[in-house]
Amino acid sequence: MNQLYRQIISILLSIFLVGLIYYGSLLPFHKASIYIRARQTEVNDIKQFNDLYDGILSTNSPVGQDELVSNYLDLISSLINQEKGKEKPNLEIIKYLASNAEKWAEPIIERGTGFSFSQIIYNYATINRDVALVLNDKKHYDKAVTLYQLGLKHSPDRQIFLYTLFDLYVLVGDKAGANLLGDRIIEVYDDNRVTEIISKMK
C-alpha cells in the first residue's frame with residue numbers, strides 16, 4: 001500500500017512539475033517570442049495591426065502579460081506621435097490607437113498592482129496626454145492627469161511623473177497645478193528651470 005501511495009505521489013509531482021515548467025517558462029517564452037516577431041513585422045493597415053497584436057495579447061500566459069502590455073503601450077505612444085507629427089494627422093487612427101491602449105491598460109490599472117505597473121501608468125498617461133493635445137479633448141486630458149497623479153501615489157517624488165505632469169500643467173496654463181507641483185520639485189530637486197517658470201506664473 002505504501003509503495004502504491006509513493007507511486008501516486010511521484011506521478012502527481014511529475015505532472016505538477018511539467019505543468020509548472022510549461023506555464024511558468026515555456027508558455028511565457030513562446031508568447032514573448034511571437035510578440036518580438038510581431039514587432040519585426042511590417043504592418044500596412046489598422047486591421048492587420050489589430051489582428052496581430054490582439055491575438056498575441058489575448059494568448060493565455062500566467063507570466064509576462066504586464067511587461068508585454070507595457071511594451072505595447074509604448075508602441076502605441078510611438079505610433080500616435082508619428083501620426084500627430086504629420087501635416088494632416090488622421091484623427092480616426094489616433095482615436096483607434098487610444099481605444100486599443102485603453103482596452104489593454106485599464107484592467108491592469110483597475111487591478112492596481114503588478115509587474116511594470118508604474119511604467120504602464122506612465123505609458124498610458126502619456127498616450128492620453130498626447131491624444132488630449134491633438135484632439136483638444138478634456139476627457140483624455142483629465143485621464144492623463146489622473147494617471148500621472150496615480151503614478152505619484154505609487155512612486156512619490158519620482159521625477160518622470162513630477163516633471164511630466166508639471167510640464168503638462170504649464171502647457172495648458174493650469175497655474176494652480178503647476179505651482180503645487182513646482183513647489184514640490186523645487187523642494188526635492190532644487191531645479192532652477194522650474195523655479196524660473198514658477199516665478200513667471202505667480
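Biologist: What makes the set of 47 residues a nonpolar core?

Modeller: In this predicted model, the 47 residues form the largest nonpolar core. The name applies because such a set holds buried nonpolar residues joined through side-chain atoms within 4.5 Å. Leu73, Ile76, Tyr148, Leu165 and Phe166 touch the most other members.

Biologist: Which elements give two or more residues to this core?

Modeller: They are helices H2 (46-57), H3 (65-84), H4 (91-111), H5 (117-135), H6 (138-154), H7, H8 (175-189) and H9 (192-201). The largest share, nine residues, comes from H5.

Biologist: What does Leu165 touch, not counting residues up to four places away in sequence?

Modeller: Leu165 touches Val145, Tyr148, Gln149, Leu152 and Leu181. Each pair counts as a contact because heavy atoms lie within 4.5 Å.

Biologist: Why is Glu106 called buried?

Modeller: Glu106 has 13% relative accessibility, and buried means under 20%, so Glu106 counts as buried. Glu106 lies in helix H4. Leaving out residues up to four places away in sequence, Glu106 touches Ala101, Tyr124 and Lys143.

Biologist: Why is Val172 called partly exposed?

Modeller: The relative accessibility of Val172 is 41%. Buried ends under 20% and exposed starts over 50%, so Val172 counts as partly exposed. Val172 belongs to helix H7 (residues 159-172).

Biologist: How do you know that Val172 can be part of a nonpolar surface patch?

Modeller: A patch residue needs over 30% relative accessible area, and Val172 has 41%. Val172 makes a nonpolar surface patch of about 270 Å² together with Leu133 and Leu171.

Note on methods:
Residues numbered from 1 in each chain as written. Predicted model: local features only at pLDDT ≥ 70, side-chain atom pairs only at ≥ 80, totals over all residues. Heavy atoms only, no water. Patch = residues over 30% accessible without salt bridge, like charges linked within 9 Å, V, L, I, M, F, W, Y side chains within 5 Å. Areas by Shrake-Rupley, 256 points an atom, 1.4 Å probe, with all protein chains shown as cover. Salt bridge = Lys/Arg side-chain N within 4 Å of Asp/Glu carboxyl O. Helix = DSSP H or I, 4+ residues; strand = E, 2+ residues; numbered from the N terminus. Buried < 20%, exposed > 50% of the residue type's maximum accessible area, 1.4 Å probe, protein only.
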